[in-house]
Amino acid sequence: MRLEIECIDIDDLQPGPKTRAEEHVLYVDLKELEELILRDSRLATVDIRLVYPEDKVRIVNLMDVVQPRCKVDKVDADFPGFVGKMQIAGSGRTRSLRGVGVLVADPQTTRKYSAFLDMSGQGAEMSVYGCLRHVVLAPTRAEGTEERDFEDAVKIAGLKTAVYLARGAEGHPVDHTEVFDLDIPSQRAKSDLPRVAYYYQLYSPQHDHKGISDACYYGTDVRHFTPTILHPNEVLDGGVVGAHTIRSLDTYTVQNHALIRELYKRNGKDLIFAGVVAGVVALDPAAKARQSTMAASLVKNVLGADGVILSKVHGGMPHVDLGLIADECEKLGVKTAVFAHPLVSAGTLTDGLLFNSEALNLIVMMGGVLERAKIPLDAERFLGGTADTHIYCPDPIIQRAGDPMVDFEEFLLAGVHDHLGGSRIIVKDY
Amino acid sequence: MVSMDEREGQLKVVHYLNQFFGQLGGEDTADVGFVVKDGPVGPGRALQKALGDEAEIVATVICGDNYFAKEPEGAAQEGVALVAGYDAGLFFAGPAFQAGRYGVACGAMCKAVGEALHIPVITGMFEENPGVEMYRRNAFICKTGESARGMTDAVNCMVKLGIRLMTPPAQAELVSRENIPSPEEYGYFPRLINRNVYTDKTVAERSVDKLLAKLRGEPFDTEVQLPTFERIAIPPAIKDVSKAEIAFVSDGGLVPAGNPDGLSGRGNLRWATYEIDTFLPEKIDSSVYEVVHTGYFPVEVIANPNRLVPVDAMRDLVKSGQAGRLHRTFFSTSGNATVARRCAEMGVEMGAEMKKRGVEAAILTST
């Protein structure tokens, strides 16, 4: 499977009478975009704003961040199952705009943990999104629409906007083309290089809002998923998106999956990229056993891997499940590297490990996503909500977006941590 | 924190020593109480030399090891009162090397001074000194050799750390932007906290590098060590349950409405006790309790808290004479991603409280 991502660098973003890209400037016809978004009858209105680095703006109730992307050589193939019709993502040509993002906010959310982003001050410096230009969407719910239906609509509005913007850049010269070419069947030929697979934990139903899982895979949810083999290009090209809430994992992070990109970079030089096994967190012991034995068997007996790197989603149960799967892999003779992070900033890192198996002797620490940080208010305007919008604080207090200082856990600031291996952060004993 | 540039005049330092290093005498003078001397004494001279013009040791507080060990907390308060008068910006104690009583005294002094005067507190100990585990949370404890032969290195380590704490670098290496020196770089025992640090390599790059090393049979560093757990022997059974007073403990996060003790939904470090008669009366009143634990679906517990804490079943057993008494309070905590170390501590704390109250057995229920 061969995927070419044609990158165009966007240096400025401006409203304009027609959506187009010229000389690295993206002009957006806001009226046309609004009409496109409001074709979804679940949405009553949508507030669309452009924000820039150094703007004194805080975007709250943030649900997703998306990189503008569209398929160049295929019809109806963008984010299949969400925007385009069902087909396998990951082959052909895709246009990607760099330096610009779509920020999707749900001003009516009732979720406890909603992310935020600052475009100036310390919050912007901490986030990889603070230095991008963004189109911000804040839709409102049409009468008679259920909350969870509305959330799906908001999510899809973000994906549609990403496609719309990328399509608008048609004709602009491409700055750089990235090629992701991996023919897994032919990789089976003998090589001295070790075969390395990736176990991708896609989702955990423990955070389900109102007991309903978020769709994140070809338009569907994955609550009852059994481990499945994916081509890595499917992940990079819209087959997988973020869940409906940012927990160090949004669509932009998936589109730029750091570990998959790293495995591609080393493929043929240091290792053979054997493929991806995707699975989910299981809620009961029988399901955990199914997930872990099946995933390990696919890694060993189907992909034929010598080694596997395992990544997790937010939470403690994902941590436990990842350990179980890694343990099963080691039992089958597959060497593992396991992503982990502590769930509390107290105690030693060892105290915070939720698994204990001698076989798991290579644990790679991400940042502690629940670490507390404090940032002084720099924003003068609020999008996606108001100065009164709550920002979750684990202390028993009500904290608002307009407070002079917000004290929060870092996973709530979009673009600080990255569960897929992209952040340059490690947590250490202090 | 006050940086030296902003201060008028030199940074003042107070130093704590035991009778031996404080030059009052050997073990025969270990019972002597607090003595204060002007300026540096003994190892304080080496500290002063290493500090150079950066700071001045204005006083040395000295106390006998036995005197201190008799009642460490009281002694520490006595010591703090002596330190308080000097307007110090930094406090040193020891180094104590492997000396156990001295290490505990240095740790206790650091803890008390840090809490009362809000200034950086630094001591030095050998890794096996009991003071390390007791006070690593409360003080910067530099790693030293076993004996005073390692004095020069210990003093240099303490001074380097002290200067770093008083002059934080402009560019913070921590994501949280706190001013905490790196334990590796500054040679002290980590204080049982963890922090996010910026690195050159991404998690993805590190994981591939390390896995390849593991596959090639080359050395590789895991980024966290696996825990080792002690085996705990099963205690003897209660001789007669029909006479025993039995308490309930649960980590299910069941608390009175309004969560008066501020237990956290995850990463909780607290526990509390609640009167069973008002909290879980025979006739359930759902307005008096709530569940703060955020790691399970508490629907069943909210509908009937007896399903978390089976008080109803216990009342029946007491009535029928099969169990002695139900202890009047319920021991509650919220166990969701709480570090194992703190869980063990809470167990010890709860056990001590139960023992004090004459509870003979406990039933622990989880979610």
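Select H118(B), the residue that follows helix α4(B) and has a positive phi, near 55 degrees. Helices here are DSSP runs of H or I with at least four residues, and strands are runs of E with at least two, numbered from the N terminus. The model is predicted: local features need pLDDT of at least 70 and side-chain atom pairs pLDDT 80 or more, while totals for chains, interfaces and linings use all residues. Residues are numbered from 1 along each chain as its sequence is written, and chains are lettered from A and ligands numbered from 1 in the order in which they are written.

Next, select residues 100-117 of chain B, helix α4.

Move to chain A and colour domain 1 (2-177 + 374-411) and domain 2 (183-365), with bounds from an automatic or database domain assignment. Their centres, taken over C-alpha atoms, are separated by 26 Å. Across the boundary, 31 residues of domain 1 of chain A are in contact with 27 residues of domain 2 of chain A (C-beta atoms, placed from the backbone, within 7 Å). On the side of domain 1 of chain A that touches domain 2 of chain A, α3(A) gives the most, with six residues.

Finally, select V299(A), which touches Y199(A), V277(A) and C329(A), among others.

Note on methods
Expected span 1.5 Å × (residues − 1). Contact = placed C-beta atoms within 7 Å. Lists of a residue's contacts leave out its neighbours within four places in sequence.
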